[in-house]
Amino acid sequence: MKTSRVDHAEASSRFIAAKDHVTFHDRRLWDLRTKRDRAGAEVEEWEDLRTLASAIKEHTLTHLADYLEEFERNAQRNGAHVHWARDATEHNQIVHEILRAHGARTLVKSKSMLTDECELGPFLGRRGIEIVETDLGERIQQLDEEPPSHIVVPAVHKLRRDVAQVFARTIGTDPTNTDVPYLAEQQRRDTRPYYLKAEAGMTGANFAIAETGTVVVCTNEGNADLSVHVPGVHIVSVGIEKIIPRIEHLGVFVRLLSRSALGSPITQMTSHFRAPREGAEMHIVLVDNGRSERLGMSDFWYSLKCIRCGACLNTCPVYRRSGGLSYGATYSGPIGVIVDPTFNLRKYSALPFASTLNGSCSSVCPVKINIHEQIYRWRQIINERNQLPIVKKEAMRMAGKVLASPALYRSAVKAARAGLEYLPRTVIYNPLNAWGRQREVPRAVKTTFREWYLKNRGKKS
Amino acid sequence: MKIGLFIPCYIDAFFPEVGIATLELLERFGLDVRYPLRQTCCGQPMANSGCEDDAAGTEALFARNFAGFEWIVTPSGSCAHHVRAHLTAIEQTEKVRAVRANVRELVEFLHDVLHVTAFPWANFPHKVGLHIGCSSLRGLGLATTSESAGPPFSKPRNLLSKVKGIQIVAPKRPDECCGFGGTFSVFEEPVSAKMGYDKVADHANAGAEYIVSPDMSCLMHQKGCAERLGMDLKFIHIAQVLNGARA
């Protein structure tokens, strides 16, 4: 099937055109980055924690099948049902089957990127089951019929006044009241009845512990706990890479997660779900959806270490100025750039170029994923698989020819110099000159360095 | 000490004064500096665009030009980084590996190889903002970054602090990328320009008269942004300042 390529540059120009939005977005996320820096600096062994976390993940991923089976055994012993989903469709069918068996019409759900990845909402919607997002940011996005733009703060691209508009339109709030406590309280009042009405609740999982068969969910709003403890059925969607071997490893990740994400020492709630309540059911769906294939990619398996903290998004100067929606994918920012092409190379082939390769993403990653090096590798693969735009490929072919030949290179320099010296401004700043749209081009020089050298040090070479 | 001077294509063509300052500065230390006349580029523009296949010819030429030098010095961090980390489109013969290992960005060379302690000829009585390109910063490790734990250091700052009269100002985001990014500047023009605008504004707000950098490609982009914005901000390569440039 031919899918169209996500045009990140075009989407980013629209994002930047909304001046208030881009300014707020950049500042808000930079603020999270600096809070992360301070929180990390307060932990003396911060770098050791990162190294340890990376090593634990590396160990787990290289023994993944064993730990998954250990997890399954222990979860079943605890009384949970464990399901295996090869891909998104299987995941959605499994969830639907559980809901159908309980005659569920409504599902309350806390934050989970995996269910976005699987497009669970539309799947259940078509089958007459309503999903209600209970996380404030996710709910804003759901009511606005937009996907989350950030893996931790899903509506961070919206200003208060945007949220007031969305709520006014969908849950009947006062459109002129942009007071944050007011808006949050209105969302809470709107959502609470669903907890009572819903037949099932759903969470994701930040960690799944093989040794205990438990899943751990880190939240700041308490909505995950309500989603679990009120309805009679709890469904957990968890990607197979979320496994950690032992409970003692959890502390390493918990110490890193919220500090990296928001600069806070820990999330308000760190909930361990072990077994169903009496009379209730707990279902854990372990989802592959391309992960084991990625585990086999020698250049990219490291990306499975990701604990979804969002630090790479917050530090990324491109992400902050283009917004998560410009990536046209479930996962945006640097981690998205290296994960999305594994789902659809052609569709996401522009994303690895939405980076300056500045490397700050790799520097902040709590599990030391070499993100910017993977971005560089993806670029090579996109070229090898003939997915570069023809204009770019031709430009590089030409550049390669010219720069491989001293004579051609010198003619090109002469031509460029003549162009800069003699062409009128309107010709130099033509619509095809992307450099010149918002920037001046360098001035023509009288002599090149080489010419100067020949004249002044000519006898030496 | 036999030194090969690598002047990247964009410096040769647009900023010859940076090449001249680099050469003169190295000569001040009594080094035998040669500029191989058949040099062009290091291959980075193609390789960073995913086209290592198109970089091979340029990389082979680079390796031929610079074989046999004890050190290869260049006033461009991203080019030095490309050669050391990514010049892999051609067969990695012993000669190629030696060329790659011997490449040093100018600040690294002055700081780590020559251990320069003074620039008695240099006097730059101005407020300057220091911009270290990302390949120099995180790729070559010229300085610690704001996101990293541990005691801070900065090789370019160490060198500049030996220049009489200079005052280094502190922008709010000292090591945010300026948005040049090679072909990124053209293919992701909206974000690139926005980053450049934000960068020059940050330096101007900190009171900088000049932005000084070991990376002329970043400066080319920032200069283009500042000029379009009509800002009164000047740009100068660190080689020029260390070589005793007067305003």
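The model is predicted, so please read every value here as computed from it. In chain A, four strands form an open sheet with mixed pairing, and helix H12 of chain A lies across strands of that chain. Over all chains, the structure holds 45 salt bridges, and a few of them are picked out below.

**The sheet in chain A**

- The strand order is S8-S5-S6-S9 (chain A), and the sheet is open.
- Strand S8 (243–244) and strand S9 (269–273) of chain A are the edge strands; each has a single partner strand, so one side of each has no neighbour in the sheet.
- Strand S6 (residues 214–219) of chain A runs antiparallel to S9(A), and five bridges join the two.
- For a handy place to start looking, Thr219(A) has Met269(A) in S9(A) as its bridge partner.
- In general, strands of a sheet pair through backbone hydrogen bonds, in either a parallel or an antiparallel way.

**The helix across the sheet**

- Helix H12 (residues 247–262) of chain A lies across S5 (207–209), S6, S8 and S9 of chain A.
- Relative to S5(A), helix H12 of chain A runs at about 170°.

**A salt bridge between chains**

- Asp26(A) and Arg173(B) meet through their side chains in a salt bridge of 3.0 Å, N to O.
- Asp26(A) sits in helix H2 (residues 19–41) of chain A, while Arg173(B) sits in the loop between strand S6 (167–169) and helix H10 (184–187) of chain B, so this pair joins two chains.
- Both Asp26(A) and Arg173(B) are buried.

**Salt bridges within chain A**

- The side chains of Glu117(A) and Arg291(A) form a salt bridge at 2.8 Å, N to O.
- This pair links distant parts of the chain, 174 residues apart: Glu117(A) belongs to helix H6 (residues 113–117) and Arg291(A) to helix H13 (residues 291–295), both of chain A.
- Glu117(A) and Arg291(A) are both buried.
- Lys158(A) and Asp144(A) also meet in a salt bridge between their side chains, at 2.9 Å, N to O.
- Lys158(A) and Asp144(A) both lie in the loop between helix H8 (136–143) and helix H9 (160–171) of chain A, so the pair ties together parts 14 residues apart in sequence.
- Lys158(A) counts as buried because its relative accessibility is 8%, and the cut-off for buried is under 20%.

- Salt bridges with shared partners join Asp26(A), Arg320(A), Arg321(A), Arg173(B), Glu176(B), Lys194(B) and Asp198(B) into one network.

How values were computed:
Residues are numbered from 1 along each chain as its sequence is written. Chains are lettered from A and ligands numbered from 1 in the order in which they are written. This is a predicted model: local features need pLDDT of at least 70, side-chain atom pairs count only at pLDDT 80 or more; totals for chains, interfaces and linings use all residues. Side-chain values use heavy atoms; hydrogens and water are left out. Two strands pair if DSSP finds at least two bridges between them. Contact means heavy atoms within 4.5 Å. Axes are lines fitted to C-alpha atoms, for helices over the stretch in contact, and angles run from 0 to 180 degrees between N-to-C directions. A salt bridge is a side-chain nitrogen of Lys or Arg within 4 Å of a carboxyl oxygen of Asp or Glu. Buried means under 20% relative accessible area, exposed over 50%, partly exposed in between (1.4 Å probe, protein chains only).
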